[in-house]
Amino acid sequence: MSSGLPRTVKAVDTSELIRLDAEAIECGLNRNHGAGWLVEFADPAAVHYLWPVLVHRAGHRPESSPHWRCMLLLTVRDGQQVFSLLDVLPASFEDLPETLDAAMKTEVAHRLNCGGLPTQAQWSELNS
């Protein structure tokens with residue numbers, strides 16, 4: 001397991017995203033969606049995308065430090081894509097398969113950086 005930030009984007013299905021979110025909650029990591037939020041609002045048939053952007057060190061949680069703060073391109077049940085964040089353990093991210101070609105990784109990174117996406121919080125506020 002490496003603590004260096006990988007320069008890649010990985011695709012995950014909704015069940016895997018829910019598992020990663022539950023792991024973040026269990027480990028007490030800061031960026032998660034709260035128990036049940038993804039089950040209720042994530043599109044169950046969608047592919048979502050994780051892009052590690054920050055090595056986060058939590059001195060008060062040495063067992064889960066460092067971990068990676070990932071930008072998340074999340075598709076919600078109404079089909080809209082929103083921006084979110086998710087803290088992921090390095091081993092869990094490394095275990096995800098590499099399924100995207102370079103062009104798709106670039107496209108996802110561009111959407112996350114420049115896409116003008118609403119945040120998960122903004123979407124929740126408008127749809128609750």
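This report covers the confidence, sheet, helices, nonpolar cores and aromatic cluster of one protein.

**Confidence**

The model is predicted. Mean pLDDT for the protein is 91, and 92% of its residues reach 70 or more. Confidence is lowest in α5, with a mean of 92. It is highest in β1, at 98. Where pLDDT is low, the predicted coordinates should not be read in detail.

**The sheet**

Four strands make up an open sheet, ordered β1-β2-β3-β4. The pairing is antiparallel. β1 and β4 are the edge strands, each pairing on one side only. From one strand to the next, the twist averages 35°.

β1 covers residues 10-13 and β2 residues 47-56; four bridges join the two strands. In this pairing, Lys10 has Leu50 of β2 as its bridge partner. β2 is also joined to β3, by seven bridges, and these strands too run antiparallel. His56 has His67 of β3 as its bridge partner. Pro52 stands opposite Cys70 in β3.

**Helices across the sheet**

α1 lies across β1, β2, β3 and β4. It runs at about 95° to β1. Helix α4, residues 102-114, lies across β2, β3 and β4. Its direction is at about 90° to β3.

**Nonpolar cores**

In soluble globular proteins, nonpolar side chains tend to be buried together. Here the largest nonpolar core has 22 residues. Which of them touch the most other members? Leu50 and Leu74 do. α1 (14-27), α2 (37-41), β3 (67-75) and β4 (81-88) each supply at least two residues of this core. β3 gives the most, with four residues.

**The aromatic cluster**

The count of aromatic pairs comes to four. Ring pairs link Trp37, Phe41 and Trp123 into a cluster. Two of the pairs are set out below.

| Pair | Centre to centre | Angle between planes | Type |
|---|---|---|---|
| Trp37 and Phe41 | 5.0 Å | 45° | tilted |
| Trp37 and Trp123 | 6.1 Å | 85° | edge-to-face |

Trp37 and Phe41 both lie in helix α2. They are four residues apart, about one turn of the helix.

Is Trp37 buried or exposed? Its relative accessible area is 12%, so Trp37 is buried, the limit being under 20%. Trp123 is buried as well, with a relative accessible area of 7%.

Why does the pair of Trp37 and Trp123 count as edge-to-face? Their planes stand at 85°, and edge-to-face requires over 60 degrees. The ring centres are 6.1 Å apart, which lies within the 6.5 Å limit for a pair.

What does this pair tie together? Trp37 lies in helix α2, and Trp123 lies in helix α5, residues 120-126. The pair therefore ties together parts that are 86 residues apart in sequence.

Conventions. Residues numbered from 1 in each chain as written. Predicted model: local features only at pLDDT ≥ 70, side-chain atom pairs only at ≥ 80, totals over all residues. Heavy atoms only, no water. Core = buried A, V, L, I, M, F, W, Y, C linked by side-chain atoms within 4.5 Å. Buried < 20%, exposed > 50% of the residue type's maximum accessible area, 1.4 Å probe, protein only. Pairing = 2+ DSSP bridges. Phe/Tyr/Trp six-rings, centres within 6.5 Å; stacked < 30°, edge-to-face > 60°. pLDDT = per-residue confidence, 0-100. Axes fitted to C-alpha atoms, helices over the stretch in contact; angles between N-to-C directions. Contact = heavy atoms within 4.5 Å.
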